[in-house]
Amino acid sequence: MSRKLKEDRLVLMTHNLGKLKEFSALLLPYKKEIISSKDLDIEDPEETGKTFEENAKLKALFAAKVSGLPSLADDSGLEVSALDGAPGIYSSRFADGDYQGAMKRINDLLADKEDRRANFTCVLSIAWPDGYSETFTGRVFGNLCWPPMGNNGFGYDPFFVPEGYKESFGILDTKIKERISHRSRAFSEFVKHCL
């Protein structure tokens, strides 16, 4: 049995404005005020986990303990089939702030491979200050495109075309992306169990 989120305010453990915007839009119908860890000057803890789930839980528990509020954190990344799931949990570190360069490096690694399948994975964790936490997973499958298409979204979005579409997340309408993305799928599980 999942714990219901009764509190009106919660912390989102992120310094990424794109994620903050996306989660704020997702939480709007539930009348929950979301505060970013950046606004509270909470530094990101070191991600020492070996899986998306471990890292999401680690970040959510850290933010809940420091803030004294329920906290959401996600760990997400791009998993490329022909690269045995890389960059995976290292997606952000692989880019090191330069997603254009990261997309080019991945494309170069795939130069002699026909397989362009990839998926985005998001594990969303909610934690309370008493140490209780839960995690929820969402995935979206598709293929990588080259060159990247569009400037919407963030991260690897222009490089990824979801199944059933001809345009990348960098071009697709925000409403479509919000409905089918890995983050929205994990969020839907969170809503079903905790709201």
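Which residues have the most contacts inside the largest nonpolar core? They are Phe23, Leu27, Leu72, Leu124, Ile126, Phe187 and Phe190, and the core they belong to has 19 residues. A nonpolar core is here a set of buried Ala, Val, Leu, Ile, Met, Phe, Trp, Tyr and Cys residues joined through side-chain atoms within 4.5 Å. The terms of exposure rest on relative accessible area, with buried under 20%, exposed over 50% and partly exposed in between (1.4 Å probe, protein chains only).

The structure is a predicted model, in which local features need pLDDT of at least 70 and side-chain atom pairs count only at pLDDT 80 or more, while totals for chains, interfaces and linings use all residues. Residues are numbered from 1 along each chain as its sequence is written, and side-chain values use heavy atoms, with hydrogens and water left out.

Two or more residues of the core come from each of β1 (9–12), α1 (17–27), β4 (117–127) and α6 (182–194). The greatest contribution is that of α6, which gives five residues. Helices (H or I, at least four residues) and strands (E, at least two) are DSSP runs, numbered from the N terminus.

Glu43 belongs to the loop between β2 (33–36) and α2 (52–67), and its relative accessible area of 57% makes Glu43 exposed.

The loop between β3 (71–80) and α3 (91–95) contains Pro87, which is joined to Ala86 by a cis peptide bond with omega of about 0°. Asp84 also lies in the loop between β3 and α3. Although not a glycine, Asp84 has a positive phi of about 55°; Asp84 counts as exposed because its relative accessibility is 78%.

Asp96, in the loop between α3 and α4 (99–109), likewise has a positive phi, of about 50°, without being a glycine. With a relative accessible area of 67%, Asp96 is exposed. Another cis peptide bond runs from Trp146 to Pro147, with omega near 0°; Pro147 is found in the loop between β5 (133–144) and β6 (160–162).
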